[in-house]
Amino acid sequence: MAIEVVTGNHAAGYALSVAAEANRVGRGAACGIYPITPQTEIVEFVARFPFTKGRVIAVESEHSAMGVSIGAAMAGARAFTASSSNGLAYMTENIMVAGYYRLPIVLAAVNRTLGPPWNIWADQGDTLYLRDFPVIQLYCETNQEVLDSTLLAFRLAEDPRILLPVMVIMDAFILSHTQMETDLPEQDLVDRFLPPLELPHQLNFERPTTVGGLTWPRETLSQRLEIDEAMERVGAVYEEHRAAFEKIFGRDPGGAISAFETEDAEAVLIASGTIASTAREVVRTRRARGEKIGMVKMKMFRPLPVDALLDAMPRATKIGVLDRDYAAGVGGVWWHDLRAAMQGRRDDVMVQDYLTGVCGGDVTPAMLDEVIDDLLGRRSAGKPVWKGIDR
Amino acid sequence: MNVTLETQDPITCCDECLVRPGNTNCGGCGMSVGLVMLDRALKSAGQRCQLVIPACCGIVTAGGYPTTGYSVPVLASTFAASPAFASGVAAVRDLNDEPHQVICWAGDGGTYDIGMAALSAAAERNENIIYICYDNEIYGNTGGQRSSATPPGARTTTTPVGKLERKKDIMAIMAAHRIPYAATLSIAHPEDFARKLDTALHLEGFRFLLIHSPCPTGWKSEPAESVELVRLAVGSGLFPVYEVFDGWRYRITIKPNGADPMEYYRRQNRFPAAAMDADAVRAEVAGATARLARLAEVFAAG
Ligand code: SF4
């Protein structure tokens, strides 16, 4: 155990590297890397890491970075990569392939506003836009959570019941470039948590297949169904590995959701990423004044843990969703997804959308106070409410 | 009743063939011949391979899952990224000290066009892979559209009056990366073809092979004439057959025999006569042939 003061990028780079190194007794580790602000330090970290049995290939684009990682994973290695914003958009075709090939690749993603215009600040639109792909998405609140989630991501991705890529996600600059005390576990602990990878469908000469060749609609459909079944299992499998993580590392890496003061809450804020920290503090302050409000941090976006969410807020009648993203013509993605998932299950609950910190604007306690005031004063939900705009 | 089907010997599939009988390639396809030649070269070198194939006729060759037209592991890559996928596969092969070759098998679309950035980058990194482009000078798999490998004058579905631009000189581009080995191969010259594959199989680093690959479907030519056509291309100097070591040492391995390039054009229905200027074609070919001969003379490969 070594507590150090490091950035979120450092935490992610460290976790990716030691997780990959843990496969040195297996077929090794390999990945493609390509820099983009604010993710650059992650790939710089892994490029410097002295792998015993690993190769880091600095390629010419994000598309190829994921391509290399796919090839490495298909050859049986532990593979990962990292990106952000337009880089993710450029990588998208191969992220899709990694998912449909059921490859346990871990992708560290730093949330940054998609351009144009050129904007390097935090916005979740770049990862939420991958919502329809077979990729598990985990949003982090602290640098420790980035590190822990990355290690957990490999175990979850490589579980034979899952075999899907996992994205570990953090806000640009607010985490990526901000230093916090973080426990960086020693290699031997990581080795205990991450056994050598045995990918069941790696390329081999004994059973030569054409991976990704033509299939008919029925076969493709059955593959999609298998992905759906794997997604169904993610919640329970995550909990198993979360418990194993706590045993080995001595701390809880966090659940798919984390509820705060929600048991008797009538109004609940739903937040993700670093906005959760601000929201928790605002809720704490107003609770002290006797207001029956609570807050849920959503770590997992795919698959969407709706059951856990509903169980956590049995008395809620008003939900305010904090979206640091904007889907054109829709509003917030979290809101859109949550509202759809809750339909028919809690029709008595009003779900209102607040676009907060979109394109990297600050989300202040004062802004969230306004959000809560608006939510409490509402009798019905309306259009998404934009916050932080001067007009 | 189909007498032929009833009486003929059943096609037996030999597990050892790289490309198995029963694949869906068109008759007269140069790619099929290329795969058979690759199979022979691997066998005589005592090697085996894993293939990485982007979108192209070569991946259709595999047929429908769960069967496969290939007897070796194949990874289908995205159109633009076969050299990147192969780099990952090859890296893990090397980490585990395995002897097999990792070979990209791609058409001209995935090579000259959409895959150019990944190809150039893998060559620049001198990845330990063999990249083979079967150049049929057209997007064959999508029904015959122009590529930057399509020769001038050729009519395709997207160049209805004949292509106006020249063909991209991919060999010059690849040689400029100073890779250990780059060579052009013609199925009309099987011994030269086999020797170059053997050379590639015994070198390390990035090796680039370009096969002139007749495509009767796109070339509007007779399947039975495929080999004769590419022989004419070599003989006339339209498709120079040579090799380049380390990007600068040249060797012409089959010299043009003085055949008239116009004969090559006349025997395919993709070249509308109105789009062809015989004098210009002859001058262009003569210039390119002389330039290459001079390179091979001044920078001779021993
Ligand atoms: S379209 Fe051309 S390249 Fe493709 S299989 Fe047919 S002949 Fe071969």
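Helices (H or I, at least four residues) and strands (E, at least two) are taken here as DSSP runs and are numbered from the N terminus. The structure is a predicted model, in which local features need pLDDT of at least 70 and side-chain atom pairs count only at pLDDT 80 or more, whereas totals for chains, interfaces and linings use all residues. Residues are numbered from 1 along each chain as its sequence is written, chains are lettered from A and ligands numbered from 1 in the order in which they are written, and side-chain values use heavy atoms, with hydrogens and water left out.

Backbone geometry is considered to begin with. Asn126(B), which is found in the loop between α6 (116–124) and β4 (130–135) of chain B, has a positive phi of about 50 degrees although it is not a glycine. With a relative accessibility of 36%, Asn126(B) counts as partly exposed, where buried means under 20% relative accessible area, exposed means over 50%, and partly exposed lies in between (1.4 Å probe, protein chains only). A positive phi, near 60 degrees, is also found at Arg102(A), a residue other than glycine; Arg102(A) is situated in the loop between α4 (85–100) and β5 of chain A and counts as buried at 16% relative accessibility. The peptide bond that leads from Gly115(A) to Pro116(A) is cis, with omega near 0 degrees, and Pro116(A) belongs to the loop between β5 (106–111) and α5 (125–128) of chain A. In chain B, the peptide bond from Tyr65(B) to Pro66(B) is cis, with omega near 5 degrees, and Pro66(B) is placed in the loop between α3 (57–60) and β2 (74–76).

Charge pairing was examined next. Side chains of opposite charge can pair when their charged atoms come close. With a salt bridge defined as a side-chain nitrogen of Lys or Arg within 4 Å of a carboxyl oxygen of Asp or Glu, a search of the whole structure finds 47 salt bridges over all chains. One of these joins the side chains of Lys299(A) and Glu145(A), with an N to O distance of 2.8 Å. This pair links distant parts of the chain, since Lys299(A) lies in the loop between β12 (293–298) and β13 (300–302) of chain A and Glu145(A) in helix α6 (residues 143–158) of chain A, 154 residues apart. Lys299(A) and Glu145(A) are both buried.

A salt bridge at 2.8 Å, N to O, is also formed by the side chains of Arg286(A) and Asp369(A). Arg286(A) lies in helix α9 (residues 275–288) of chain A and Asp369(A) in helix α12 (residues 365–377) of chain A, so the pair ties together parts that are 83 residues apart in sequence. Arg286(A) is buried, with a relative accessible area of 4%, while Asp369(A), at 24% relative accessibility, counts as partly exposed. In the salt bridge between Glu291(A) and Arg289(A), the closest N and O atoms are 3.8 Å apart, and Arg289(A) is exposed, its relative accessible area being 56%. In chain B, salt bridges that share partners join Glu225(B), Asp260(B), Glu263(B), Arg266(B), Arg267(B), Asp279(B) and Arg282(B) into one network.

Gln268(B), in the loop between α11 (261–266) and α12 (278–298) of chain B, is buried with a relative accessible area of 2%. When residues up to four places away in sequence are not counted, Gln268(B) touches Trp219(B), Lys220(B), Ser221(B) and Leu229(B); Gln268(B) and Ser221(B) are 47 residues apart in sequence, yet their C-alpha atoms are 4.9 Å apart in space. Patches are made of residues with over 30% relative accessible area and no salt bridge, nonpolar side chains (Val, Leu, Ile, Met, Phe, Trp, Tyr) being joined within 5 Å and like charges within 9 Å; accessible areas come from the Shrake-Rupley method with a 1.4 Å probe, and for residues only the protein chains shown count as cover. Tyr326(A), Trp386(A) and Ile389(A) form a nonpolar surface patch with about 310 Å² of accessible area together. Tyr326(A) lies in the loop between β14 (318–323) and α11 (333–342) of chain A and is partly exposed at 39% relative accessibility.

Notes
Contact means heavy atoms within 4.5 Å.
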